[in-house]
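Please examine the sequence and the model shown below. The paragraphs that follow lead through the structure by way of aromatic rings, nonpolar packing and charged side chains.

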Amino acid sequence: QSYSAEQWHVYFRSRWLGCDDVTMPNGKIATIPRSTAQLDVAEFGEYLDRVEAWAGERDAWLEDLPA
């Protein structure tokens with residue numbers, strides 16, 4: 001099974017940053033992973049370290065994305 005970079009990004013954000021429940025206009029509740037954009041440089045580095053450690057423990061390869 002393979003997943004897109006976006007799918008992994010959503011998974012890791014929800015796993016380590018948590019989620020917020022948001023009430024939609026139709027009254028339904030959507031669970032939205034918190035954004036990495038709100039992290040400072042140190043926090044973002046810690047987040048990336050956790051992702052890399054998770055991948056390393058599972059012999060998973062993470063593709064380098066262009067800057």
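Which residues form one aromatic cluster? Tyr3, Trp8, Tyr11, Phe12, Trp16 and Trp54 form it. The model is a predicted one, in which local features need pLDDT of at least 70 and side-chain atom pairs count only at pLDDT 80 or more, while totals for chains, interfaces and linings use all residues. Residues are numbered from 1 along each chain as its sequence is written, and side-chain values use heavy atoms, with hydrogens and water left out.

The rings of Phe, Tyr and Trp (its six-membered ring) are paired if their centres lie within 6.5 Å; planes under 30 degrees apart count as stacked, over 60 as edge-to-face and the rest as tilted. By this rule there are nine aromatic pairs. One of them joins tyrosine 11 and phenylalanine 12: the ring centres are 5.4 Å apart and the planes stand at 65°, so the pair is edge-to-face. A pair of aromatic rings is described by the distance of the centres and the angle of the planes. Accessibility is classed as buried under 20% relative accessible area, exposed over 50% and partly exposed in between, with a 1.4 Å probe and protein chains only. Tyrosine 11 is partly exposed at a relative accessible area of 33%, whereas phenylalanine 12 is buried at 4%.

Phenylalanine 12 also belongs to the largest nonpolar core, whose seven residues are Phe12, Trp16, Leu17, Tyr47, Val51, Trp54 and Ala55. Such a core is a set of buried Ala, Val, Leu, Ile, Met, Phe, Trp, Tyr and Cys residues joined through side-chain atoms within 4.5 Å. Two or more residues of this core come from each of α1 and α2 (41–57), and α2 gives the largest share, four residues. Helices (H or I, at least four residues) and strands (E, at least two) are DSSP runs, numbered from the N terminus.

A salt bridge requires a side-chain nitrogen of Lys or Arg within 4 Å of a carboxyl oxygen of Asp or Glu. A polar atom of the arginine 13 side chain does lie 3.0 Å from the backbone oxygen of arginine 34. Beyond neighbours within four places in sequence, arginine 13 is in contact with Glu6, Gly18, Pro33, Arg34, Ser35, Thr36 and Tyr47.

Side chains of opposite charge can pair when their charged atoms come close. The count is two salt bridges. In one of them, the side chains of aspartate 20 and arginine 34 meet at 3.1 Å, N to O. Aspartate 20 lies in strand β1 (residues 19–23) and arginine 34 in the loop between β2 (29–33) and α2, so this pair ties together parts that are 14 residues apart in sequence. Aspartate 20 is partly exposed at 36% relative accessible area, and arginine 34 is partly exposed at 38%. Another salt bridge joins the side chains of arginine 58 and glutamate 57 at 3.3 Å, N to O. Here arginine 58 counts as partly exposed at 43% relative accessibility, while glutamate 57 is exposed at 62%.

Strand β2 contains threonine 31, which is partly exposed with a relative accessible area of 49%. Not counting residues up to four places away in sequence, threonine 31 touches Cys19, Asp20 and Asp21. The side chains of threonine 31 and aspartate 21 are joined by a polar contact of 2.8 Å. A polar contact is a pair of N or O atoms within 3.5 Å; within protein, one must be able to donate a hydrogen and the other to accept it, and residues adjacent in sequence count only if both atoms are side-chain atoms.

The segment after α2 includes aspartate 59. Although not a glycine, aspartate 59 has a positive phi of about 50°, and at 74% relative accessibility this residue counts as exposed.

Conventions: Contact means heavy atoms within 4.5 Å.
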